[in-house]
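Please find below a short note on the model under review.

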Amino acid sequence: MTADVGCWNTLYNVTPQSGAELVPMLLRQGIQRFRIELLDSMKPKEVHRIITLYEQLLANQIKAKAVWNQLKALNRAGITRGTLQSSRDPLAML
């Protein structure tokens, strides 16, 4: 768990998560601001690649599935939908 400057506590999973597949729907709903969370341990080249992929997605220059696939290839641990999974049972943690 890490606390940032704004006192947000973030619990990092061993496997990164991506909401790329939700972006087109969110854009259609009028959402205009998005946040990408990165780790201090990431190398500049990796950070640049991730930001570029999301910029392309937001500009409709690349499909969400392509972003997902490239992020999975980029990260050896792979990407999971984690809590962003649509069929997730909200009581699963209870």
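The remarks below begin with the basis of the model and then turn to individual residues.

1. The model is predicted, with local features requiring pLDDT of at least 70 and side-chain atom pairs counted only at pLDDT 80 or more, whereas totals for chains, interfaces and linings use all residues. Residues are numbered from 1 along each chain as its sequence is written, and side-chain values rest on heavy atoms, without hydrogens or water.

2. Leu-53 belongs to helix 2; helices are DSSP runs of H or I with at least four residues, numbered from the N terminus. Leu-53 counts as buried because its relative accessibility is 0%, the term buried meaning under 20% relative accessible area, exposed over 50%, and partly exposed in between (1.4 Å probe, protein chains only).

3. Apart from neighbours within four places in sequence, Leu-53 makes contact with Ile-62, Val-67, Gln-70 and Leu-71 (contact: heavy atoms within 4.5 Å). Its C-alpha atom is separated by 9.0 Å from that of Ala-66, 13 residues apart along the chain.

4. Leu-58 is also found in helix 2, which spans residues 44-58. With a relative accessibility of 38%, Leu-58 is classed as partly exposed.

5. The loop between helix 2 and helix 3 (64-74) holds Asn-60. This residue has a phi near 60 degrees, a positive value in a residue other than glycine. Asn-60 counts as exposed because its relative accessibility is 62%.

Conventions. Helix = DSSP H or I, 4+ residues; strand = E, 2+ residues; numbered from the N terminus.
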